Amino acid sequence: MTKLLMFLSKFVFGEFEEEEFKKFLRFGSVLMMVIGIYWTIRPLKDSLFTQLAGKENIPWAKTVSLILMIPTIALYTKLLNKFPKIKLLGNLPSLVYGVVILCYAGFIWAFQSGIISPSIITVVLGYFWYFFVESYGSLIVALFWAFLAEITNVESSKKGFPLVYAVAQLGAIIFPLIFIKLPIQLHVKSDAISMLLIVVMLFLINPLVKYIDKKTPKQELAVQTIAANENPEKKKQKTGFVEGLKLLFTTPYLAGIFFSLAFFEVLTTIFDFNFKYEAGTVYSGVQLTNYLASFSSVVNTVSFLMLIFGINKITKRLGITISLIIVPIFFGMATFGFLTIHSLDFLFWLAVCSKAINYALNGPSLKQLYVPTSQTAKTKAQAWIETFGSRAAKEGGSILNLLPQAIGRASAKLVSCGVGFVFVGIWFFMSLYLGKTYKKAVNTKTNVC
């Protein structure tokens with residue numbers, strides 16, 4: 001079976017050694033679980049927050065998430081210093097997120113059954129729920145990619161990372177259909193059932209990671225280096241949680257990665273809020289959860305098809321620079337469409353395509369940029385970029401989303417699109433710089449930072 005999959009995958013992703021292929025397939029299964037769970041709780045994040053605190057307060061929820069992310073990163077960094085990444089990858093989703101979601105399932109059942117009435121406590125729990133789901137999408141995914149980038153060399157990452165993304169999209173397509181839409185089709189009137197099913201999947205991540213650690217040859221799990229003077233056996237020096245932040249602001253290359261992600265997050269936050277605001281006007285309650293679950297499956301189906309039909313070949317054949325600059329060009333056109341076309345269906349597909357091109361092309365490309373960097377950059381700096389940095393960028397988009405309350409929706413859209421066009425222009429030239437710097441580092445076998 002493995003040889004058949006290798007034969008089929010070479011036409012899309014390239015040729016692998018057998019153990020190399022098994023490694024990416026196994027880690028793809030882990031990310032499939034992680035991403036599948038995230039795309040299942042993501043519709044619940046928005047739907048339950050709307051029920052508990054109101055859809056108009058979503059921009060404020062992002063502000064709270066940003067504030068709470070600072071101590072969360074500090075704790076996450078301490079855990080990185082204390083435990084091996086593969087141990088954290090196995091235990092953190094199950095022991096922390098599984099237990100908390102289990103508690104929330106009981107609360108939501110009581111709330112939707114009318115046992116618990118709306119109050120300031122339900123509003124506070126709504127805000128914490130929003131942050132909790134956001135932290136899962138940032139921390140667990142960042143932890144996964146920090147570990148995989150650490151054990152993967154440049155050439156292997158070009159074909160392996162898109163394969164991992166493709167496998168992961170299967171979970172993102174299937175999980176929302178099974179764990180959200182199926183209970184709704186069976187006329188289950190509480191989101192608590194979906195949450196209990198998610199908890200079961202979270203508890204399965206730990207044995208899966210242990211199995212991979214046991215079955216994968218140790219050389220495939222060994223730390224890879226690109227710089228000739230970098231010694232992977234050298235004892236790692238523990239660093240504080242601000243170390244990654246210092247590196248981020250003193251290294252143009254890492255700052256470029258940060259702003260590439262930030263511009264994407266700002267624009268998608270604007271598109272996403274307007275889409276969900278309109279969806280919340282048309283649908284409510286469990287039906288809103290159902291609609292957003294359909295959105296999740298469509299996003300990841302489109303992403304999967306883009307990967308299967310070879311969008312990753314752009315990187316292999318034309319280089320990472322071309323892959324990077326395609327994304328701001330797309331967002332320039334998307335911003336123009338957002339300015340000129342007004343309908344829920346258009347916003348649905350705008351949000352779908354914006355997220356799909358990120359998961360299928362932009363995401364794998366940005367992850368490759370970390371390969372020619374130091375271990376501190378791969379872990380501490382990446383944690384800041386993909387957790388606090390991502391949340392800060394979403395906060396920037398949320399500030400723009402608050403403008404309609406002050407100046408009206410039409411004027412706010414003009415301001416948001418004006419800002420978007422400026423960001424797209426800067427993003428384009430930043431992508432050129434990142435691609436050139438990455439190529440030079442790979443050709444000279446040195447670390448950028």
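**Entry 1**

I began with Leu 182, which I found in helix H6, spanning residues 154-185. I kept in mind from the outset that this is a predicted model. Is Leu 182 buried or exposed, or something in between? Its relative accessibility is 43%, so I put it down as partly exposed. Leu 182 belongs to a nonpolar surface patch of about 500 Å², together with Leu 170, Ile 174, Leu 177, Ile 178 and Leu 186.

**Entry 2: Ser 157**

I stayed with helix H6, where Ser 157 also lies. Ser 157 comes out at 0% relative accessibility, so it counts as buried. Which residues does Ser 157 touch, once neighbours within four places in sequence are set aside? I listed Thr 152, Pro 162, Gln 368 and Val 371.

**Entry 3: Phe 107**

Next I moved to helix H4, residues 85-112, which holds Phe 107. With a relative accessible area of 13%, Phe 107 falls under the 20% cut-off and is therefore buried. Leaving out residues up to four places away in sequence, I noted contacts from Phe 107 to Leu 52, Ile 116, Thr 122 and Leu 125. I checked the spacing for one of these pairs. Phe 107 and Leu 125 are separated by 18 residues in sequence, and their C-alpha atoms are 9.4 Å apart.

**Entry 4: Salt bridges**

I turned to charged pairs. Side chains of opposite charge can pair when their charged atoms come close. How many salt bridges does the model have? I have 10 in my notes.

I looked up Lys 276 with Asp 46, where the closest N and O atoms are 2.6 Å apart. This pair ties together distant parts of the chain: Lys 276 sits in helix H9 (residues 252-282) and Asp 46 in helix H2 (residues 18-53), 230 residues apart. Both ends are out of the way. Lys 276 has a relative accessible area of 9%, so I call it buried. Asp 46, at 5% relative accessibility, is buried too.

Lys 276 has another partner, Asp 272, with the closest N and O atoms 2.8 Å apart. Here the two residues share helix H9 and are four residues apart, about one turn of the helix. Asp 272 is buried, as is Lys 276. Through shared partners, salt bridges join Asp 46, Asp 272, Lys 276 and Lys 355 into one network.

I also looked at Glu 150 and Lys 85, a salt bridge whose closest N and O atoms are 2.9 Å apart. It again links distant parts of the chain, with Glu 150 in helix H5 (residues 120-150) and Lys 85 in helix H4, 65 residues apart. Glu 150 is buried, with a relative accessible area of 4%. Lys 85 counts as buried as well, at 10% relative accessibility.

**Entry 5: Cysteines**

My last check was for disulfides. A disulfide is a covalent bond between the sulfur atoms of two cysteines. I counted zero of them here.

The surroundings of the two residues were worth a line each. Cys 353 is partly exposed, with a relative accessible area of 32%. Cys 417, at 2% relative accessibility, counts as buried.

Terms used. Residues numbered from 1 in each chain as written. Predicted model: local features only at pLDDT ≥ 70, side-chain atom pairs only at ≥ 80, totals over all residues. Heavy atoms only, no water. Patch = residues over 30% accessible without salt bridge, like charges linked within 9 Å, V, L, I, M, F, W, Y side chains within 5 Å. Areas by Shrake-Rupley, 256 points an atom, 1.4 Å probe, with all protein chains shown as cover. Salt bridge = Lys/Arg side-chain N within 4 Å of Asp/Glu carboxyl O. Buried < 20%, exposed > 50% of the residue type's maximum accessible area, 1.4 Å probe, protein only. Contact = heavy atoms within 4.5 Å. Disulfide = S-S within 2.5 Å.
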